[in-house]
Every structure is written in structure tokens, then in C-alpha cells.
Amino acid sequence: TAQPVATATGTSLTAILTVNGVMLLEDGKQSSAGVIPLSYTGNCIAVSKDDDTIYVGGEDCKIYVYSGDMKEKHVIEGGHLKPVHSLAISNDGTKLAAGDGRDVCVYNTSDYSTLISKGKFCFHLQKVTALAWSNDDKVVASGGADDCIYLWSIEKKRRVSYKFAHRGGVVALAFKK
């Protein structure tokens, strides 16, 4: 009933972010009564592997945290100066990476504290459109509309850059298992 913007899947829960809100599917069948409206414009969405938490990155520079049935639990504010365009949950579920117009920030999912703040992982020249965690959760990769891919070491706070890695912008990233 509304144009899709982004989609994310946990184990059996799929959340479809649309221009009008969020629709939930459980094991491929619609579980929400249509599209659940949001009071803001969402740009990206992520679902935890245990299906208990849904994260929505907003045009208002905030990250909204919901329970698996879209009841608001928390709002992460002040972490981003630009709209949030990408989200990725670590494999162990303890960290959330979020990308905006140039920064990648990392948050602790248990208390929503900031592990890596704005200004630390900030070398993209255009919006961060894709994020992925390494299998051991020690590195987060970011890809952007600027054609670049960065690998960010969480422990060492260092980066490896691949400038102009993908002409036309990076839209998705994944680590080989």
C-alpha cells in the first residue's frame, strides 16, 4: 500500500520500511495490520537476529529503537549531524553501526551508549549507503555514494580505504563467511 524504502530480516521477522511507515511480516506472512505509521521520515531499517528489536534511521538524524511489534523503546539522539542512511547490527548483536552523510558511528545495543562517536570514522565524501560487520565483529565496512569502501577496525580505531572502489556508488556490502 506504500512505496518501499528499505527492508531487513531477523530470523523470522521481516520489516519493510515504506514512505508511509513500517509493515511487519512473520515467516513471510503479514503480521501487522497494514503499514504502521511513523511520525518522522525513515531512511533505513535493521532487525536483530532474535527478532526482538527493530532500528529505524531517520531523516531527522535520530535512530529509533522499537520492540519486535513496533513499540518504541528508545531514541538515540545527538549521535549524527546528518540523516541516518544505513544501519547494521553486529553478528553477536551487541553493536549497532549507523552511517549518515559522512560519519559511521557505533553504539552498544544493551544501553545505547556510543562506542565510536561522530568525527572518528568520517572519511566518506557523500552519504554512507551500506554497512557490514566482519564475521568476528572486529571490523565494520562502509560503502558510500562517493564510490569508496572503508574498513574500520573497532579495536584499533584505524581504517583501510578503497577509493573509487565501485563506480556509481556502493549500495550493499557483505563479508565472505
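Me: Why is S153 called buried?

Reply: S153 has 16% relative accessibility. Buried means under 20% relative accessible area, exposed means over 50%, and partly exposed lies in between (1.4 Å probe, protein chains only). At 16%, S153 therefore counts as buried. This is a predicted model, where local features need pLDDT of at least 70, side-chain atom pairs count only at pLDDT 80 or more, and totals for chains, interfaces and linings use all residues. Residues are numbered from 1 along each chain as its sequence is written, and side-chain values use heavy atoms, with hydrogens and water left out.

Me: Where is S153 found, and what does S153 contact beyond its neighbours within four places in sequence?

Reply: S153 is in strand 16, residues 149–153. Strands here are DSSP runs (E, at least two residues; helices are H or I, at least four), numbered from the N terminus. Leaving aside neighbours within four places in sequence, S153 is in contact with F121, K138, V139 and R158. Contact means heavy atoms within 4.5 Å.

Me: What makes the approach of S153 to K156 a polar contact?

Reply: The side chain of S153 reaches the backbone nitrogen of K156 at 3.1 Å. A polar contact is a pair of N or O atoms within 3.5 Å; within protein, one must be able to donate a hydrogen and the other to accept it, and residues adjacent in sequence count only if both atoms are side-chain atoms. The S153 pair, at 3.1 Å, meets the distance limit.

Me: What does the side chain of T14 make with the side chain of T9?

Reply: A polar contact, at 3.0 Å. T14 is found in strand 2, residues 13–18. At 15% relative accessibility, T14 counts as buried. Not counting residues up to four places away in sequence, T14 touches T7, A8, T9, M23, L24 and L25.

Me: Is T1 buried or exposed?

Reply: Exposed: the relative accessible area of T1 is 90%. T1 lies in the segment before strand 1 (4–9). Not counting residues up to four places away in sequence, T1 touches N20 and V35.

Me: How do you know that K62 and E77 form a salt bridge?

Reply: Their side chains meet at 3.5 Å, N to O. A salt bridge is a side-chain nitrogen of Lys or Arg within 4 Å of a carboxyl oxygen of Asp or Glu. The K62–E77 pair therefore qualifies. The structure holds 1 salt bridge. The pair links distant parts of the chain, 15 residues apart. K62 sits in the loop between strand 7 (53–58) and strand 8 (63–67), and E77 in the loop between strand 9 (72–76) and strand 10 (86–89).

Me: What makes strand 7 and strand 8 a pair?

Reply: They share 5 bridges, in the antiparallel sense. Two strands pair if DSSP finds at least two bridges between them. With 5 bridges, strand 7 and strand 8 therefore pair. Y55 stands opposite V65 in strand 8. The open sheet here has 4 strands in the order 6-7-8-9, with antiparallel pairing. Its edge strands are strand 6 (42–47) and strand 9, since each pairs on one side only.

Me: What makes strand 11 mostly covered?

Reply: In strand 11 (residues 95–99), 5 of its 5 residues are buried. K95, A97 and G99 lie on one side, L96 and A98 on the other. I89 has L96 as its bridge partner, and A98 has C105. A hairpin of 4 residues joins strand 11 to strand 12.
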